[in-house]
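Please keep the sequence and the structure in view while reading.

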Amino acid sequence: MKGISFDLYPGEIHGLVGENGAGKSTFIKILSGFLRPDGGEIAVHGQKFHFLTPHLAQSLGIQTIYQENILVPQISVAENVFAGREIVSALGIVNHRETIARARRIIDSLGVSLPVEERVENLSVAEQQLVKIARAIAFEPRVLILDEPTAMFNVNETRMVLDLVKNLAQRGIGIIYISHRLEEVLEVASRITVLRDGYRVACHNHVRERVDLATLTREMAGRSVNVFQREKGAILSEVVLAVKELRYAPSSPPVSFSLRRGEILGIAGLVGSGRTEIFKTLFGFGRSYGGEIWIQGRQVTIRSPQDAIRYGLGYLTEDRQRTGLALGLSVTKNATIPSLGDHFGGFLIPLEKERRLVEEYVKSLDVRTPSLEQEVRFLSGGNQQKVILARWLLKNSQIIIFDEPTIGIDVNAKSEIHRLIARLAQEGKSIILISSENPELIALCDRVLVVRHGQIVRELTGDEINEENIISCAFGVTAGERL
Amino acid sequence: MVIVVLSALFGFLNPRFLSQGNLLAVFQQIAVLGIATMSMTLLLISGGIDLSIGSMIGLSGVVICKMVMGGVPAFWAVLTGFVLPIGCGFLNGVIVSKSKCIPLIVTLGMNYVYYGLALVISGGLFLSLKGHFTFLGRGRLVGIPVSVVVLFLVVLAVHFLLRNTKFGRRLVVMGGNEQVAFLSGINVDRLKIANYTLSGVLVGLASLVLISRLGNILANAGEGYELRALASAIIGGVTFEGGRGSVLGAFLGVVLLGIVQNGLNILNVSSYFQTFTIGLIIVVAVVVSNLEKIRR
């Protein structure tokens, strides 16, 4: 981080944006006392410091809410709110009634409802986020730093958090709001600071009038990034996959759709709408409760991922780190798992041949890694995603399902992934793209199916694929009515 | 590195330590443990564990002796004793993979099951081979103890298996992330059962070497092998979380334990103090390797 100046007024929401690695986290860590700056000054309410310690930051009223979960799942909401400074009687015994009452007061004052006595593990992710905020508020902070507070949320939950943030600012708390979702930042922030490569590249003091998405994107990336636009034409090739009345749960509505060779089929819908479940079932790792699957004109039965892979399906899961990669293993080992049996007959792996094959795909996908033996945990998100893609290309999968392929990936890597997806379709692969990023769907897809309550509520084609249509179908609002 | 330094140290303190005869004796002493460690390494790298190894050895030994004492030809007795742990491994694998329980707990329970069976069969008595079947434990091939030859063959085979075969690679990936293995089309259940069965084969071998060397046996003859095998593998850099570590590392772990034990013997250190020392080595080795991880 190189010479950043930043100021924050009481009751202000100051947005902080930048690509991964732009210096946002370093900046927060300095403010919350976990890192010492090499130089410069921090002034809090007129008091000047060369550096802060976590304890000092806290006593100055600086509270930070990180993305990571800091709650203890097995104890109640109230106990979490006061964890570390329990309310005790003279004898040092925890006063449960008082704890609950005070936690309830704090939560009520936030204007949200939470079951105070419930254990945290029984709460939704969004509710847990609210508990974190309540916990920070219990310290009566003057400065509140929120790091990606809505990263895992659907639109409704995001709404709730945004309203809460505005409400807190009105109480006079200065808020630093960090998010990759630029639309949100534009909505809540009164000022926005843009970081890039550790520098402050811009500070917009009048957000409402003069700043838009394109400006922020350009400043963050340092150059004008066009959202990659794929050329679309009529897809008249043969149907490679037809799904008829598939059910992923005993009570779920039947789902039918088809996919052609070289087509990119988008799947839109809110998180929790059942869109992922449909494709998990298709891939054989969710149980099927009826329905038919036809691949290349033949009806098939898929009972396990093994079956699905044999019929030419490949799946890039939404959670790269947990279900996509064996993080401690090398690029090579991660890439060749499903295809070990294809390229090399017999019992042995010819290691030299394996290396050459992987190298070929690493080159063609432009995976940036120091070596093929590098543990994938050390690669960036975009490169990790490419390793998983290499896995299915090595397997020669014809139908590739991408589930949120660009989640948590920085702007430039995102557009690279988009180009790769387009290239694959060009080369005759059939793509299913499940995504919450509407611009991604709009830029890439030939058709978009919108899923709501486990059901395909609408098929959008051509010019119908736009943000308004996707959102209104996903939320079930009729045309004209706005959110 | 540590091994070289320690060897030099013991050699300095007592020149007899470095004699060819003594070094062979070290390997002969660690043959059983070494083979058991290879079995444990296979399981650890694939994300499993088996705490019933020791009882499987005891059970196999007891059955062999009981059959020999009952007049069964030694060949059939030994064959039975070899196949028995394979069956035990298979059973462990089936329970672990089908019940989705934590292998640590399942095999801890099975440890008692097998030990109990061994006690029932032996009636708690000392059983003897009556002088049959000494080749594996006491024989020599061109001057080298047969058990040492077997040990080296097993180490090389397991090393090759994990590095160069599809089966081995799938084990490594399963240990690295079982979900990923499953989603990549690996039949995880079947692979686990195969692996537990294979580790049963190695336990069978270890058991034959042991009984052949001892010539007589109690039901608890294998007691503690599971934990020492686990410790050796971990000293050698194999981790509890799976996916990491090498066969050669685990082998060096065994050698280290063997050298320390032998060196202390030669220096006339009491066996009580040896136990203490070995425990210390295990803890130090694990802490040191973890310090490196923390620093990164």
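Chain B contains 13 helices and four strands, where helices (H or I, at least four residues) and strands (E, at least two) are DSSP runs numbered from the N terminus. Its radius of gyration, taken over C-alpha atoms, is 19 Å, close to the 19 Å that the globule rule gives for 296 residues, so chain B is as compact as a globular protein of that length; the rule is 2.2 Å times the number of residues to the power 0.38. The model is predicted: local features need pLDDT of at least 70 and side-chain atom pairs count only at pLDDT 80 or more, whereas totals for chains, interfaces and linings use all residues. Residues are numbered from 1 along each chain as its sequence is written, while chains are lettered from A and ligands numbered from 1 in the order in which they are written.

The C-alpha trace of chain B spans about 55 × 55 × 35 Å along its principal axes.

In chain A, six strands form an open sheet of mixed pairing in the order 4-5-6-1-7-8; two strands pair if DSSP finds at least two bridges between them. Strand 4 (62–65) and strand 8 (199–204) of chain A each have a single partner strand, so one side of each is left without a neighbour in the sheet. On average, neighbouring strands of this sheet are turned by 20° against each other, direction ignored. Strand 7 (residues 191–196) of chain A runs antiparallel to strand 8, joined by five bridges, and Ile192(A) has His204(A) as its bridge partner.

Elsewhere in chain A, strand 12 (residues 292–295) is joined by four bridges to strand 9 (residues 239–246), and the two run antiparallel. Here Lys244(A) stands opposite Glu292(A). Strand 12 also pairs with strand 13 (residues 298–300) of chain A, in the antiparallel sense over three bridges, with Ile295(A) opposite Arg298(A). These two strands form a hairpin with two residues between them, and Gln296(A) in the turn has a positive phi of about 50°.

In a regular strand the side chains alternate between the two faces of the sheet.

Conventions:
Buried ≥ 20, exposed ≤ 12 C-beta atoms within 10 Å, placed from the backbone. Axes fitted to C-alpha atoms, helices over the stretch in contact; angles between N-to-C directions.
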